[in-house]
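The following paragraphs lead the reader through one structure. Please keep the sequence and the model in view while reading.

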Amino acid sequence: VYATVLSQQANENRQNSTGKACFGIFLPEGKLNDFRDEQIGQLQELMKEATKPNWQFSVSESAEPK
């Protein structure tokens, strides 16, 4: 079900590219209590990766040509 929701949201985002995309659904605290500690950790890691800036590489200027 969650994969279907993400797929629909991705399609909507492609069609309506204005504004910031928002993916996922609200997860109530009661549902979080059903997860194992390992799963909670995985969700936290996913959230950190999904919300960090999209830096593919770093460019630093040097006074010396290489």
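Glutamate 45 has a relative accessibility of 42% and therefore counts as partly exposed; that term covers values between buried, under 20% relative accessible area, and exposed, over 50% (1.4 Å probe, protein chains only). The model is predicted, so local features need pLDDT of at least 70 and side-chain atom pairs count only at pLDDT 80 or more, while totals for chains, interfaces and linings use all residues. Residues are numbered from 1 along each chain as its sequence is written, and side-chain values use heavy atoms, with hydrogens and water left out.

Side chains of opposite charge can pair when their charged atoms come close. Here, the side chain of glutamate 45 meets that of lysine 48 in a salt bridge, at 3.1 Å from N to O; the term requires a side-chain nitrogen of Lys or Arg within 4 Å of a carboxyl oxygen of Asp or Glu. The structure holds one salt bridge. Both residues belong to helix 3 (residues 37–51), where they stand three residues apart, about one turn of the helix. Lysine 48 is partly exposed because its relative accessibility is 47%.

The chain as a whole has three helices and zero strands; these are DSSP runs, helices being H or I of at least four residues and strands E of at least two, numbered from the N terminus. Of the 66 residues in the chain, 5% are buried.

Between helix 1 (2–15) and helix 2 (29–32) runs a loop that contains leucine 27. With a relative accessible area of 36%, leucine 27 is partly exposed. Together with Leu32, Phe35, Leu43 and Leu46, Leu27 forms a nonpolar patch on the surface. Such a patch consists of residues with over 30% relative accessible area and no salt bridge, with nonpolar side chains (Val, Leu, Ile, Met, Phe, Trp, Tyr) joined within 5 Å and like charges within 9 Å.

Phenylalanine 23 is also found in the loop between helix 1 and helix 2, and its relative accessibility of 45% makes it partly exposed. The C-alpha atom of phenylalanine 23 is separated by 8.4 Å from that of valine 5, 18 residues apart along the chain.

Methods:
Accessible areas come from the Shrake-Rupley method with a 1.4 Å probe; for residues, only the protein chains shown count as cover.
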